[in-house]
Amino acid sequence: IPSVSGIVPESCLLIVVGLLVGGLIKGVGEKPPILKSEIFFLFLLPPIILDAGYFLPLRQFTENIGTILIFAVVGTLWNAFFLGGLMYAVCQIGGTGLNHIGLLANLLFGSIISAVDPVAVLAVFEEIHINELLHILVFGESLLNDAVTVVLYHLFEEFANFEQVTIIDIILGFLSFFVVSLGGVFVGVIYGVIAAFTSRFTSHIRVIEPLFVFLYSYMAYLSAELFHLSGIMALIASGVVMRPYVEANISHKSHTTIKYFLKMWSSVSETLIFIFLGVSTVAGHHYWNWTFVISTLLFCLIARVLGVLGLTWFINKFRIVKLTPKDQFIIAYGGLRGAIAFSLCYLLDYEHFNMRDMFLTAIITVIFFTVFVQGMTIRPLVDLLAVKKKQESKRSINEEIHTQFLDHLLTGIEDICGHYGHHHWKDKLNRFNKKYVKKCLIAGERSKEPQLIAFYHKMEMKQAIEMVESGGIAKIPSAVSTVSMQNIQPKVLPVERALPALSKDKEEEIRKILRNNLQKTRQRLRSYNRHTLVADPYEEAWNQMLLRRQKVRQMEQKMNNYLTVPAHKVDSPTMSRARIGSDPLAYEPKADSENLPIITIDPASPQSPESVDLANEELKGSGHVSSSPEEDEEGLVMRPKEPSSPGTDDVFTPGASDSPSNQRMLRCLSDPGPRPEPEEGEPFIPKEQ
């Protein structure tokens with residue numbers, strides 16, 4: 001029924017199926033099976049975590065690792081102690097019938113219920129297709145908070161058996177957190193390296209290649225659980241470490257097998273977990289206390305909201321891409337609880353915790369509320385808030401190349417600045433991986449060949465096979481498989497001219513030269529930083545020369561600006577037609593236009609027609625007429641000012657040529673000044689007198 005599954009998440013439907021099955025079994029008179037913690041932790045949980053760890057989007061995870069760790073560690077500790085403290089306060093209120101529950105029992109309950117569940121988050125978030133950032137923040141938190149949950153759970157369980165808890169016990173409990181989390185990661189890394197090394201020698205037994213991935217991952221989980229370390233952290237670490245090396249060694253068919261077998265296995269486990277939750281709800285012993293259950297539900301929501309708001313306020317001070325209020329709401333609303341809390345509570349011993357049934361009832365209520373209410377309403381809320389969705393399309397090669405280019409660029413910028421950020425350390429790790437680790441864990445030429453070029457070879461091979469199959473190269477049967485391509489002998493064509501035959505050694509040598517010089521796209525020749533740059537002895541002289549040239553150019557530009565008079569702006573034909581159309585009388589030809597004086601200009605002179613017109617008007621006004629015929633031919637002749645005699649002041653002593661009319665003429669020649677604005681109503685060209 002697609003309409004139902006579009007509204008209700010799959011996890012809710014599975015719990016409903018479990019409730020129906022449990023009710024049916026109980027109605028028949030049989031005792032329904034309960035989800036035992038051993039079965040859950042040993043058989044149902046590992047496939048889901050391995051699937052999540054093996055296909056973890058590593059780039060987003062590493063770029064947001066700080067935010068994820070703060071939410072997972074500090075957020076879970078805040079939830080546990082805030083919830084445990086408030087529940088203890090509720091239990092101390094008279095009349096509730098909960099006075100017998102102590103502080104340690106409440107803190108233990110808080111640590112069980114505070115952790116976000118990875119199974120529930122995966123089930124809901126994969127259906128709403130939220131963007132990668134929010135998905136990795138909530139899902140990463142649910143994976144990494146396992147270490148905190150395991151430590152707090154065992155800590156309070158041990159403290160409950162003690163008569164008195166000392167400060168040394170608390171310090172040891174704090175240190176055990178680092179042992180559990182880092183120990184789990186260390187175990188996972190060791191098994192991941194062993195799995196990668198084993199896959200190097202499986203080229204002749206391709207059938208059992210997928211088995212090594214499952215075997216070593218499960219051994220990592222069991223080894224971590226054996227020493228009370230974090231099994232989830234071990235599984236994630238082993239999956240992340242082994243994947244790049246294993247996929248370089250195994251065949252394409254083995255890769256497909258691993259992918260679909262893991263997806264199927266995790267899907268089956270998820271289905272069984274939610275069905276068993278429904279069945280166990282019907283089958284289990286329950287003790288309902290309204291005060292305890294309602295308080296637990298209320299304080300869970302309050303603790304989650306306050307924790308997310310407080311931590312995001314702190315995190316946003318250091319993040320480049322800030323978490324918006326919409327993102328904070330989705331992170332707070334996506335804190336779903338699930339079967340891990342139920343199984344941990346089921347593991348409690350009746351002798352020390354006689355209130356276990358009440359804890360189980362409260363936990364089942366919280367699980368049902370988060371999975372049903374929050375799980376069903378998160379999709380409409382995401383649509384309502386217009387939160388960015390995940391892009392389904394794969395990244396193109398162009399995007400891959402530009403991403404790598406930007407990584408290199410940022411690494412270089414960090415190197416030059418002397419600031420060692422995460423790009424610098426990522427580059428160091430990549431170089432160490434390429435230089436040492438790949439040679440040990442990857443077989444053959446794949447350890448040296450960049451991934452992009454390997455992909456290019458694969459595309460070329462695929463294209464060649466398609467051409468052969470379509471009959472583009474040689475006429476062979478169309479049903480040709482990739483394997484049979486190796487046994488095809490192409491038809492020998494008649495040789496027109498003799499080509500020099502290359503020996504095998506020579507051919508191999510040429511290939512090696514080409515491979516070394518052409519295919520190392522990411523090779524860095526010399527790594528340098530600002531501390532090791534050699535000073536150039538001629539650098540200072542070059543700088544001085546450049547500055548001098550720059551000053552000379554600036555002076556030339558200034559001189560040109562002073563000496564050049566702006567030319568009269570000629571109207572475009574369109575403007576001229578518009579003006580004639582608006583005022584045709586203004587553009588009638590003048591009657592005395594023939595009597596206007598004609599002035600010739602020396603072409604070498606920088607003067608514009610405007611300034612010459614002004615000069616001509618000045619000459620006309622003074623009644624001066626040129627008497628020399630040579631001057632008439634040359635046009636307007638400019639003579640330099642004669643030097644003053646010694647002892648006279650040029651500035652304050654007026655000379656012969658310093659009359660007001662001459663000064664006005666010189667000023668017009670050197671700087672005509674702004675054109676006078678035409679008065680209102682005055683036409684552009686004067687009308688006929």
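1. On one side of helix α2, Leu20, Leu24, Gly27 and Val28 are exposed, where exposed means over 50% relative accessible area, buried under 20% and partly exposed in between, with a 1.4 Å probe and protein chains only. The model is predicted, so that local features need pLDDT of at least 70 and side-chain atom pairs count only at pLDDT 80 or more, while totals for chains, interfaces and linings use all residues. Residues are numbered from 1 along each chain as its sequence is written, and side-chain values use heavy atoms, with hydrogens and water left out.

2. The buried residues of α2 are Ser11, Cys12, Leu14, Ile15, Gly18 and Gly22. They lie on the same side of α2 because they cover an arc of only 160° around the axis, the arc being that of the directions from the helix axis to the C-beta atoms. These buried residues pack against α7 (118–128), α12 (252–283) and α16 (356–385), with contact taken as heavy atoms within 4.5 Å.

3. After α2 comes Gly29, which has a positive phi, near 110°.

4. From α8, Ala147, Val148, Val150, Val151, Leu155 and Phe159 meet Asp169, Ile170, Gly173, Ser176, Phe177, Val180 and Ser181 of α9. Sorted by class, this contact of α8 with α9 has nine nonpolar, three polar and one charged residues, with Gly counted as polar.

Technical notes. Helices (H or I, at least four residues) and strands (E, at least two) are DSSP runs, numbered from the N terminus.
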